[in-house]
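Q: Could we go through this structure feature by feature, with the general idea before each case?

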Amino acid sequence: MSTPTTTSYQNRQVDLELLQSIVAPSADAQQVTISNLNQTARAVTGIEKTIQRYAQLLLTTQDDIYFAKTLGGYLLSSIMRGGVGDQGALTHLFCVASANAIKTMSSDDADTTSYGSQPTDEQIASAELISLDLSPATLTISLSVQITTAAGSSYTFVVPISTAG
Amino acid sequence: MAQTLQGLSQSQYDASELLVIDQLRTSYPGLDLRLGTTLRELLVRPEASVSAQRSANVDELQATMSLSVMATNGTASAADVNAILSNFNMALAAGDLATGTVMIKVATSRIYNVGAGSIFATMAGLQYQVPAAIVVAPIPVAGQLPLFAAPDGTFYFLAPVVATVSGSVYNIQQGTALTPASQLFSYISSSAYVTFSGGTDSETVQSAINRIPAALSHRGLVNKTATEAQLRDVFTGSGVTIQAVSIQGYGDAAQIRDKHNVFGVAVGGRVDVYCRTFQDPMVYLLQKTGTRIADGTYQIAITAQEAPGFYAIRAITDVAGSALGSYQYTELRGTAGLANTFHDIDPNNAVVEAAYTVWQTSTITITGVPDNATQHIFKVEAYGTPGIQAIQAYMDDPAVRPVTSDYLVRCPLLCLVSCTAQVFYPIAKPVSITTLQVALAQYINSRSFVSTLTRSELVAVMLANGVTKINLGLNGMTLDGRVRGADGTWYTLRGDTLDIGSITNGANLLAPATCCFAAEQSSINITGVAE
């Protein structure tokens with residue numbers, strides 16, 4: 001029988017909320033969407049902050065940011081280019097981009113001099129691709145990813161890949 | 001020019017980003033600014049980009065506000081330098097074209113026509129052109145150049161050429177092979193007849209800084225700075241490039257004409273102006289017909305107009321020869337035309353007081369010539385300062401000259417430097433000995449009227465050109481200099497420092513303010529050792 005615990009989020013470093021409107025498309029996964037500009041900005045911390053940070057790095061395309069050319073991977077750009085033919089290719093692209101994102105996050109988490117200390121429940125330990133759905137017929141791609149923090153807590157979410165124009 | 005984002009380096013951006021993060025964290029420690037956060041991407045990154053651009057613009061502005069900073073950095077564009085120099089009514093001086101004479105050997109005796117613009121080029125690609133069309137004939141008439149017979153049965157003629165581009169690199173050594181770009185009938189070979197001279201690089205920022213006092217000065221023949229300012233103003237763009245001016249006036253060590261009175265005390269109004277109008281040593285080339293005065297002994301006379309104000313003989317050889325050596329000679333300087341000038345020159349000391357001026361003449365006796373013909377043609381090379389006649393004529397102009405003054409223009413006394421050195425360099429990064437020779441010669445020739453030249457200065461030049469070690473031991477690097485006093489005495493300097501001050505002799509016009517150090521590439525001998 002586990003003992004209920006509470007976590008204090010006071011005095012934590014916060015970020016602007018980018019991913020919000022968490023809904024439940026299925027019983028075992030959460031979906032996050034990108035904030036609209038007309039929504040009131042909110043601060044975010046804890047694992048939600050970690051998830052949106054991971055998602056942002058995962059979806060960043062290498063060479064896109066002028067002074068951070070090595071940041072990210074080629075997941076989103078390959079999908080948009082139509083260069084993903086099967087699940088194997090998609091899995092490969094995800095693994096490369098995810099590994100880069102985790103490496104970047106871990107590096108910054110360890111740099112307490114520049115950024116201050118990071119609680120373990122905000123430090124990413126791993127990201128696992130739980131499931132992926134590639135449907136050329138309906139032109140949809142869905143990636144379910146389970147994030148695990150250094151504190152041991154996990155969270156599964158659907159990567160917000162927009163198919164809009 | 002304002003910086004764009006693309007013009008920024010990664011390190012400039014990174015430094016700016018760190019600064020923005022530090023500043024934000026100082027005021028708002030509760031913000032997470034790690035890579036991937038929204039704050040980092042939407043707030044820090046744009047601000048860091050703008051801040052980096054702003055910093056770069058400020059850096060660039062600071063780097064182009066000061067001439068001394070631009071001289072040290074060496075990265076400012078000529079436009080940036082000129083923007084500041086314009087405040088002083090100045091601009092960087094452009095380089096000058098080297099000039100020289102090409103000896104062209106041909107197999108046939110006949111008339112040759114060489115068109116204007118005909119190109120001759122060295123193996124290294126340096127190009128020279130014939131400035132005006134020339135006609136060469138075995139028996140020349142007016143306006144034609146002579147075709148000479150060489151001892152080996154061939155024929156040759158001498159064509160004046162000028163470099164197509166300015167720069168001291170065009171001052172090629174005597175004997176350097178040149179190839180014509182167009183065909184010439186019965187052509188055999190061509191080469192530099194004398195060491196080319198007059199080619200100078202564009203002015204350095206430091207040199208421009210040194211000129212500012214003269215540029216700001218009142219122009220007029222009233223004091224040292226104003227006189228230099230006046231000369232630079234008048235002769236800029238005239239074909240006479242004034243590199244440096246030094247003046248010996250009332251009370252100065254090498255001013256001897258101001259004591260022409262019964263008391264022997266100095267009075268004002270007598271001014272000797274030493275004009276350096278060359279960078280690398282400039283050589284007058286003369287073909288002189290010697291008259292036999294004894295077996296193997298000939299005599300030639302150099303008039304005041306042939307080599308005006310020349311400093312010293314460089315070499316005397318046969319007319320078709322190369323001055324790797326020289327005939328032995330003795331020289332007797334004289335004067336001509338003093339009776340027709342107002343200048344205060346003591347007839348009893350005329351040789352010294354008119355030395356290196358346009359009134360100087362010379363009679364040279366050449367010995368050891370393997371010939372007993374009545375006449376023998378010699379090639380005479382003499383160091384001089386081009387434009388001295390024009391400068392003297394300008395200063396003698398009644399409309400220019402203060403009526404109570406007596407300005408005499410002289411060629412600077414050249415301390416002719418020779419240097420030997422054993423240098424070491426990495427076997428993986430070999431050093432060009434020629435490059436070292438050129439760099440050393442350029443350094444020595446780029447200085448104006450200074451008192452000393454030291455081994456350490458030359459060591460610094462060599463180290464800056466890829467040398468890792470220099471042998472400064474007993475038989476390692478040597479430095480020698482020779483200066484000719486006005487009475488014909490040669491003074492020798494040797495050692496760690498060539499100090500003109502140590503041989504100052506006002507009666508012989510020898511003083512730091514009258515001497516320039518000068519070196520030819522051929523007088524710098526370097527042995528390179530790869531290790």
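A: Let us begin with helix axes, which are lines fitted to C-alpha atoms, for helices over the stretch in contact, with angles running from 0 to 180 degrees between N-to-C directions. The model is a predicted one, in which local features need pLDDT of at least 70 and side-chain atom pairs count only at pLDDT 80 or more, while totals for chains, interfaces and linings use all residues. Residues are numbered from 1 along each chain as its sequence is written, and chains are lettered from A and ligands numbered from 1 in the order in which they are written.

Q: At what angle do the axes of helix H5 and helix H6 of chain B cross?

A: Two packed helices are described by the angle between their axes and the distance between the axes. Helices (H or I, at least four residues) and strands (E, at least two) are DSSP runs, numbered from the N terminus. In chain B, the axes of helix H5 (residues 205–216) and helix H6 (residues 224–235) cross at roughly 95° and come within 7 Å. H5(B) and H6(B) are therefore roughly perpendicular to each other, on a scale where angles under 35 degrees count as roughly parallel, over 145 as roughly antiparallel, 65 to 115 as roughly perpendicular and the rest as oblique.

Q: Which residues of H5(B) and H6(B) meet?

A: Two residues are in contact if their C-beta atoms, placed from the backbone, lie within 7 Å. From H5(B) come B:Pro213, B:Ala214 and B:Ala215, which meet B:Thr225, B:Glu228, B:Ala229 and B:Arg232 of H6(B). The residues of this contact divide into four nonpolar, one polar and two charged, where Ala, Val, Leu, Ile, Met, Phe, Trp, Tyr, Cys and Pro count as nonpolar, Asp, Glu, Lys and Arg as charged, and the others, Gly among them, as polar.

Q: Which residues of H1(B) are buried, and which are exposed?

A: An α-helix has 3.6 residues a turn, so residues three or four places apart point the same way. A residue is buried if 20 or more other C-beta atoms lie within 10 Å of its own, exposed if 12 or fewer, and partly exposed in between, with C-beta atoms placed from the backbone. In H1(B), the buried residues are B:Tyr13, B:Ser16, B:Glu17, B:Val20 and B:Ile21. They cover an arc of only 135° around the axis (taken from the directions from the helix axis to the C-beta atoms), which puts them on the same side of H1(B). On the other side of H1(B), B:Ser11, B:Asp22, B:Gln23 and B:Thr26 are exposed. The cover over the buried residues of H1(B) includes H4 of chain A together with helix H2 (38–63) of chain B.

Q: How many residues does each chain bring to the contact between chain A and chain B?

A: Chain A gives 19 residues and chain B gives 16 residues. On the side of chain A that touches chain B, the largest share, five residues, comes from H1(A), and the residues of that side divide into ten nonpolar, five polar and four charged.

Q: Where do A:Asp63 and B:Tyr356 lie, and is each buried or exposed?

A: Most residues other than glycine have a negative phi, and most peptide bonds are trans. Phi of A:Asp63 is near 75°, a positive value, and A:Asp63 sits in the loop between H1 and helix H2 (75–81) of chain A; with 12 C-beta neighbours inside 10 Å, A:Asp63 counts as exposed. B:Tyr356 has a positive phi of about 65° and belongs to the loop between helix H7 (350–353) and strand S17 (360–367) of chain B; B:Tyr356 is buried, with 28 other C-beta atoms within 10 Å.
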